[in-house]
Amino acid sequence: KQLPRYLSNLPANNATVREFAPPIAVTFSEAMLAASLTPARFQLFAAGPDTTPGTADDVLLDGGVVTLNAAGAVASLAFPSRPLPNGRYRAVVRAAVADLAGNPIGTERAWVFTVAKPAPQVTLNVPTPNATFTTTRPAISAGFDSPMNPATITPATFQLFGFGPDN
């Protein structure tokens, strides 16, 4: 019998993704044994201080959840408790991953990708720019195009500047 093979992976090697939770997946040539696909055999490392994936200062990210699709040929690794911050990552599938007959894939697969999410953009201003109010002071708010960390929205980061005699 032919041993299972790697067909593809996501993100592609050396890709740059702009998502909070990019899909991390590997496709095999046949259905794989779910019990062989554990967080110890499908791992994600964040590049360490030297920013070079695959070096001794890389940090293993814990809390990953490995799942197989219904056909058993696509394994995905997700981190449901947190989005990946901007940085460089190295995904690794270990050689002990096996097909349904117990045949190990026999070779390790590793690939590198970069997460580079753009800075959040303000998409809603209340009141609208250049609005004029004569008798009441409206509530001030802003909307963003991506989820925000509430701890970062403080009086120092969300400021109102007045122009005119009532400021």
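User: Let's start with Pro80. Where does Pro80 lie relative to the strands?

Analyst: Pro80 sits in the loop between strand E7 (74-78) and strand E8 (87-93). Keep in mind that this is a predicted model.

User: Is Pro80 buried or exposed?

Analyst: Exposed is anything over 50% relative accessible area. Pro80 has 66%, so Pro80 counts as exposed.

User: Which residues is Pro80 in contact with, leaving aside neighbours within four places in sequence?

Analyst: Those would be Gly63 and Val65. For a sense of scale, take Thr154: Pro80 and Thr154 are 74 residues apart in sequence and 27 Å apart in space, C-alpha to C-alpha.

User: Let's zoom out. How many helices and strands are there in the chain?

Analyst: Zero helices and 11 strands. Reading along the sequence, you get β-β-β-β-β-β-β-β-β-β-β. The radius of gyration is 23 Å, well over the 15 Å that the globule rule gives for 167 residues, so the chain is more spread out than a compact globule.

User: What box do the C-alpha atoms fill?

Analyst: Roughly 85 × 35 × 25 Å, taken along the principal axes. As for cover, 28% of the 167 residues count as buried. The accessible surface of the chain comes to about 10300 Å², and 59% of that belongs to carbon and sulfur atoms.

User: And what do the contacts in the chain say about sequence separation?

Analyst: Take the contacts between residues at least 6 apart in sequence: 59% of them join residues at least 24 apart.

User: How should I read the core? Which residues have the most contacts inside the largest nonpolar core?

Analyst: The general idea is that in soluble globular proteins, nonpolar side chains tend to be buried together. Here the largest nonpolar core has 24 residues, and Ile24, Phe28, Phe42, Leu44, Leu84 and Phe113 have the most contacts inside it. Strand E3 (24-28), strand E4 (42-46), E7, E8 and E9 each supply at least two residues of this core.

User: Take Phe42 as a case. What does Phe42 touch, not counting residues up to four places away in sequence?

Analyst: Quite a list: Ile24, Ala25, Val26, Val66, Ala75, Ser76, Leu77, Val92, Val93 and Trp111.

User: Now the opposite case. Which residues make the nonpolar surface patch?

Analyst: Val122, Ile140, Phe144, Ile153, Phe158 and Leu160 make a patch of about 530 Å². Val122, one of these, lies in strand E10 (residues 122-126). With a relative accessibility of 48%, Val122 counts as partly exposed.

User: On to charges. How many salt bridges are there?

Analyst: As a general point, side chains of opposite charge can pair when their charged atoms come close. The count here comes to two salt bridges. One of them pairs Arg90 with Glu108, the closest N and O atoms being 3.9 Å apart. Arg90 lies in strand E8 and Glu108 in the loop between E8 and strand E9 (109-115), so the pair ties together parts that are 18 residues apart in sequence.

User: What about Arg94 and Glu108?

Analyst: They form a salt bridge too, with the closest N and O atoms 2.6 Å apart. Arg94 and Glu108 both lie in the loop between E8 and E9, so this pair ties together parts that are 14 residues apart in sequence. Put together, Arg90, Arg94 and Glu108 are linked in a network of salt bridges.

User: Last topic, the backbone. Which peptide bond is cis, and which residues have a positive phi?

Analyst: The background is that most residues other than glycine have a negative phi, and most peptide bonds are trans. In this model, the bond from Leu10 to Pro11 is cis, with omega near -15 degrees. Pro11 lies in the loop between strand E1 (6-10) and strand E2 (15-17). Asn14 has a positive phi of about 70 degrees. Asn14 is also placed in the loop between E1 and E2, and counts as exposed at 57% relative accessibility. Thr51 has a phi near 60 degrees, again a positive value. Thr51 is found in the loop between E4 and strand E5 (59-60) and counts as partly exposed, at 47%.

Note on methods: Residues numbered from 1 in each chain as written. Predicted model: local features only at pLDDT ≥ 70, side-chain atom pairs only at ≥ 80, totals over all residues. Heavy atoms only, no water. Helix = DSSP H or I, 4+ residues; strand = E, 2+ residues; numbered from the N terminus. Buried < 20%, exposed > 50% of the residue type's maximum accessible area, 1.4 Å probe, protein only. Contact = heavy atoms within 4.5 Å. Salt bridge = Lys/Arg side-chain N within 4 Å of Asp/Glu carboxyl O. Patch = residues over 30% accessible without salt bridge, like charges linked within 9 Å, V, L, I, M, F, W, Y side chains within 5 Å. Areas by Shrake-Rupley, 256 points an atom, 1.4 Å probe, with all protein chains shown as cover. Rg over C-alpha atoms; globule rule 2.2 N^0.38 Å. Core = buried A, V, L, I, M, F, W, Y, C linked by side-chain atoms within 4.5 Å.
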